[in-house]
Each structure stands twice: as C-alpha cells, then as structure tokens.
Amino acid sequence: MKKLSGSQVKSFQKKVWDFYTAHGRHDLPWRPPQLKEKSGKIDMYPIMVSEIMLQQTQVSRVLPKFENWMKKFPNVKALAQSSRKDVLTLWQGLGYTRRAKFLHEAAQSILKSGVPSTVRELESLPGIGHYTARAIVAFAWNKSYAFVETNVRTVYINHFFKNKEIVTDAEILNLVEQTLDQDCPREWMYALMDYGSYLKSQGNAHNRRAKGFTRQSKFKGSVREVRGAIIKFLTEKEVLTSSDKKEFEKRFDVERMAQALNGLFKDNLIQKTRNEYSLVE
C-alpha cells in the first residue's frame, strides 16, 4: 500500500480545502449550519434520510424530495408512525423503492430501541450498510471515519492514481485514512465529496478505473421502471387486479412484469390475495 509523506498529505489537503472554501455546497439542507440545534449538536435523522436518498441518486433530484420529506416526516417518530402507503407515495420519483421501505423500518427500529450510538448499532438498522453508517458518524457526530463512495473515489484516483488502470477500494481507503483531517472530520468529508462531484462534472470519469465501480443500468425499459410503475399504481389505486396486470403486461411485457412482481414480493413491498396485489403495510 502507498505511504504518503507529510508534505504530500498537506499539499493534498490544501488543494481540497481551497476548492471547498471557494466552491463547496455549503447551503445543502442536510448540512450544518442548517441542522444545528441550540446545544450545538446535530440530529442524526435528517442525515440518515439524506444519505439513503442520495444512494445512486443525484443531488438535484434529492433536494425537492428531501425538503418535502422533512415537512411530512420531520422526525423519527413521525416517520415510524406513518403508513407504508404515505412513505412510498412521497418517495415517488427517487427510484429504488426498497430504500423507502428500509428508511421506514429503520425509523420504527429507532423508535422502539433508541438512537444508535455506534457504527455497529447503525449497521444493524435496515438499509444501513458500511458506507452509510460511517457517513452518518462523520456528518451527524463529527467523528473521524474513513469511507469510500463514488465522489471520494474520483478525488483519490484523480490525484494519486493518474496512470494506474485498475484501482481497488482498499488502495483508496488506505489514502483516505492517511489524509483525514482529525480537527474537522465532518467538513473534510464534505469537502472531498464536493470536490469529487466537481471533477465528475468536468468529465473526469476516473471511477471507471475503480475495481468497485459498477455502471448504473438505464431506467427506461428496465425492470426498475416496471417496479416503479406498479408501486405508483398501488399508492393511487390501492389494489392491482388481474385485469390491471394484463394492461401492465401489454404496456411493458409479460417477462418484465413477472420479474418486477417477483422482486417486489422478495423485498416484501407487495402482497397477493387471490388474484389481487396490494402494498404490504
């Protein structure tokens, strides 16, 4: 693994900090100072909501949904006590519907068992994996935790691996750990993510050289499109009948419809009674 000198660390940190100071996205609603309470602490809930919404979804699409979500479900209790239908209705347009289910279930778990206080406890919540748990720790609790995601990959590959064809997440994580700013862990990770987002907007497709990179499939014509259409139908009509199913099969095709229904069953998002489908509450 690559070992950086002190001067290399300082030079890299200065580059990232200079960009963040001049061009950082300081006004995002899930970032300080927007979330600071009188005590100076930051509530974990909006950080958790934003991180799950931002999974495989651009900031521009998340912004209006996040603001509407926080109005409808301003805290863990409001979300936990809401209906699955209300949750999925508000989620429409973000895709990957099981994220909404996970978020709903995570809120119910927190309401029942209390707010997690460790990374391990966070990872025990539905939909909270390795990256999301560490992002919550860094952003909500201002603790120094290294993690890798798409923007972070872009920054480190751009700066440290210009001539390497394949870069592993382990190699990147090694450098993230060496360059952490222990004094400002929250802002440092924000700075990395904003710089990475900027690099990508300038056409720096470095993520394609990352071993952990997977290209998102097109939405149009995908099973994801059918899943989204089914969930939207059920939030509006409540029941999908056998005749409705035939109409869906004409619109999409029998195979994709079957795959979508099977996936929604597997994710425990829908249920079937006789020949009718409905949302699982």
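Which residues does Thr97 touch, not counting residues up to four places away in sequence? In this predicted model, local features need pLDDT of at least 70 and side-chain atom pairs count only at pLDDT 80 or more, whereas totals for chains, interfaces and linings use all residues. Residues are numbered from 1 along each chain as its sequence is written, and side-chain values use heavy atoms, with hydrogens and water left out.

Thr97 lies in the loop between H5 and H6; helices (H or I, at least four residues) are DSSP runs, numbered from the N terminus. With residues up to four places away in sequence set aside, Thr97 touches Leu88, Trp91, Ile231 and Leu269, where contact means heavy atoms within 4.5 Å. Thr97 counts as buried because its relative accessibility is 11%; buried means under 20% relative accessible area, exposed over 50%, and partly exposed in between (1.4 Å probe, protein chains only).

Helix H6 comprises residues 98-113. At 1.5 Å a residue its 16 residues should span 22 Å, and the end C-alpha atoms are 22 Å apart, which agrees; the expected span is 1.5 Å times one less than the number of residues. The buried residues of H6 are Arg99, Ala100, Lys101, Leu103, His104, Ala106, Ala107 and Ile110. Their cover includes helix H2 (44-53), helix H3 (59-72), helix H4 (76-80) and helix H5 (84-91). Gly114 follows H6 and has a positive phi, near 100 degrees.

Helices H9 (residues 150-160) and H10 (residues 169-179) pack at an angle of about 85 degrees, with their axes 10 Å apart. Axes are lines fitted to C-alpha atoms, for helices over the stretch in contact, and angles run from 0 to 180 degrees between N-to-C directions. H9 and H10 are therefore roughly perpendicular to each other (65 to 115 degrees). Val152, Arg153, Tyr156, Ile157 and Phe160 of H9 make the contact with Asp169, Ile172, Leu175, Val176 and Thr179 of H10.

The largest nonpolar core has 84 residues, of which Met48, Trp69, Tyr156 and Ile230 touch the most other members. Such a core is a set of buried Ala, Val, Leu, Ile, Met, Phe, Trp, Tyr and Cys residues joined through side-chain atoms within 4.5 Å. Ile230 touches Leu240, Phe248, Met257, Ala260, Leu261 and Leu264, not counting residues up to four places away in sequence.

Gln202 is found in the loop between helix H11 (185-201) and helix H12 (223-237). At 51% relative accessibility, Gln202 counts as exposed. Gln202 and Val223 are 21 residues apart in sequence and, C-alpha to C-alpha, 31 Å apart in space.

Technical notes
Helices (H or I, at least four residues) and strands (E, at least two) are DSSP runs, numbered from the N terminus. Angles under 35 degrees count as roughly parallel, over 145 as roughly antiparallel, 65 to 115 as roughly perpendicular and the rest as oblique.
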